[in-house]
Amino acid sequence: RSPEPLNVTKKLGQGKLSVYEVYSPNRKTNYALKVFPKNKFGAIQYSKERLMSRFSHRNIIQFIPASFQDESFYPLLTEYAKYGDFFDIVTKGCLITEVLVRTYFRQLIEGIEYIHEQGVAHLDLKLENIMLGSNFELKIIDFDQAQNINDTMITSGGTINYRAPEVKDGSCSKLAAADVYAAGVILYVFATKEFPFMEKENQTSEADNNSYAGYLKNITGFWASKSKKRGQRSLFTRDFMDLIDGMWNSDPSSRFTIAQIKASKWYQGPVLEESSLKVQMN
């Protein structure tokens, strides 16, 4: 319960934590309420998620201050992204043009850049952790894996098929670079509606074009294979491939920085203004 009444309208998602859409009769607004269990695990996750309370950026989900009286859980109230997450948006085929892909990728990078400037690495970037807000803007959510960007030892395990190789093997010491790698995977999925690599626990020496090891072994062959699969009308321009290759560099110290991403030719291509974006996505 809260001193300001909130009515639960529905449960959201199927994650480890309970998340609800709630309605405030006083403010006449819908919000998202995430509930953390009152135990050691819940306390740690809640403290990390509370990092967003100091963020103020159009591409980061907004924390909503609220006073709760129920002491049986840790509550976190945020703005409600009514158009859902990018997993649904991508699988429904909504990102149908290069300009749409670039528009949302730019918003993702602007959000990541802001998070990094606040001294935080997200460390679990994936389609399910980016939402579409009420004005059709991208919103980054879920900071329960986040760490201080200057930490030299990662505690997050990331999410399979999105995580950098050094996150998978636990050797990650450059946390910002891990976010860049994941953003490169997201860009590829935006453009193709499929993962570039299918992560395997025990990768054999016979690496193929569906594995990161195969990509590193023959980058030119990887792109040739993927381009052939997608047919002649492909988003795989030289500028696009150069950008992703930089974001997937196997050496985190040589991987593209946010500044290098923003300076790349593909990134600087045309994007949609807010009014046009609403028309395209509505």
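**Before you start**

Residues are numbered from 1 along each chain as its sequence is written. In this predicted model local features need pLDDT of at least 70, side-chain atom pairs count only at pLDDT 80 or more, and totals for chains, interfaces and linings use all residues, while side-chain values use heavy atoms, with hydrogens and water left out. Helices (H or I, at least four residues) and strands (E, at least two) are DSSP runs, numbered from the N terminus.

**Stop 1: Glu49**

Select Glu49. Its place is in helix α1, residues 40-49. Is Glu49 buried or exposed? Glu49 counts as buried, because its relative accessibility is 1%. Buried means under 20% relative accessible area, exposed means over 50%, and partly exposed lies in between (1.4 Å probe, protein chains only).

Now show the side chain of Lys34. A polar contact of 2.6 Å joins it to the side chain of Glu49. A polar contact is a pair of N or O atoms within 3.5 Å; within protein, one must be able to donate a hydrogen and the other to accept it, and residues adjacent in sequence count only if both atoms are side-chain atoms.

Not counting residues up to four places away in sequence, Glu49 touches Lys34, Phe36, Leu76, Asp142, Phe143 and Asp144. Contact here means heavy atoms within 4.5 Å.

**Stop 2: Leu76**

Go on to Leu76, one of the residues that Glu49 touches. Leu76 sits in strand β4, residues 73-79. At 2% relative accessibility, Leu76 is buried. Which residues does Leu76 touch, not counting those up to four places away in sequence? They are Ala32, Leu33, Lys34, Phe36, Tyr46, Glu49, Arg50, Met52 and Phe63.

**Stop 3**

Return to Glu49 and pick another residue it touches, Asp142. Asp142 is in the loop between β7 and β8 (147-148). Its relative accessible area is 18%, so Asp142 is buried. Check its backbone: phi is near 60 degrees, a positive value in a residue other than glycine. Most residues other than glycine have a negative phi.

Next, select Phe136. Phe136 is in the loop between β6 and β7 (138-140). Phe136 has a positive phi of about 65 degrees, and it is not a glycine. With 4% relative accessibility, Phe136 counts as buried.

**Stop 3: Met131**

Select Met131 in strand β6, residues 130-132. Met131 is buried, at a relative accessible area of 15%. Leaving aside neighbours within four places in sequence, its contacts are Ala81, Gly84, Asp85, Phe86, Glu137, Leu138, Lys139 and Ile141.

**Stop 4: Helices α3 and α10**

Show helix α3 (residues 98-117) and helix α10 (residues 274-281). They pack at an angle of about 120 degrees, with axes 12 Å apart. That makes α3 oblique to α10. Axes are lines fitted to C-alpha atoms, for helices over the stretch in contact, and angles run from 0 to 180 degrees between N-to-C directions. Angles under 35 degrees count as roughly parallel, over 145 as roughly antiparallel, 65 to 115 as roughly perpendicular and the rest as oblique.

Pick out the contact residues. Helix α3 supplies Leu100, Thr103, Tyr104 and Gln107, and α10 supplies Leu277, Gln280 and Met281. By class, this contact of α3 with α10 has four nonpolar, three polar and no charged residues. Ala, Val, Leu, Ile, Met, Phe, Trp, Tyr, Cys and Pro count as nonpolar, Asp, Glu, Lys and Arg as charged, and the others, Gly among them, as polar.

Stay on α3 and select Tyr114. Tyr114 counts as buried at 12% relative accessibility. Not counting residues up to four places away in sequence, Tyr114 touches Arg54, Phe55, Ser56, His57 and Ile60.

**Stop 5: Helices α5 and α8**

Show helix α5 (residues 175-192) and helix α8 (residues 238-247). Their axes come within 8 Å and cross at roughly 150 degrees. From α5, the contact uses Val180, Tyr181, Ala183, Gly184, Leu187, Tyr188 and Ala191; from α8, Phe240, Leu243, Ile244 and Met247. These residues divide into ten nonpolar, one polar and no charged.

**Last stop: Ser211**

Finish at Ser211, in the loop between α5 and α6 (212-217). Ser211 is buried, with a relative accessible area of 2%. Its side chain reaches the backbone nitrogen of Gly214 at 2.9 Å.
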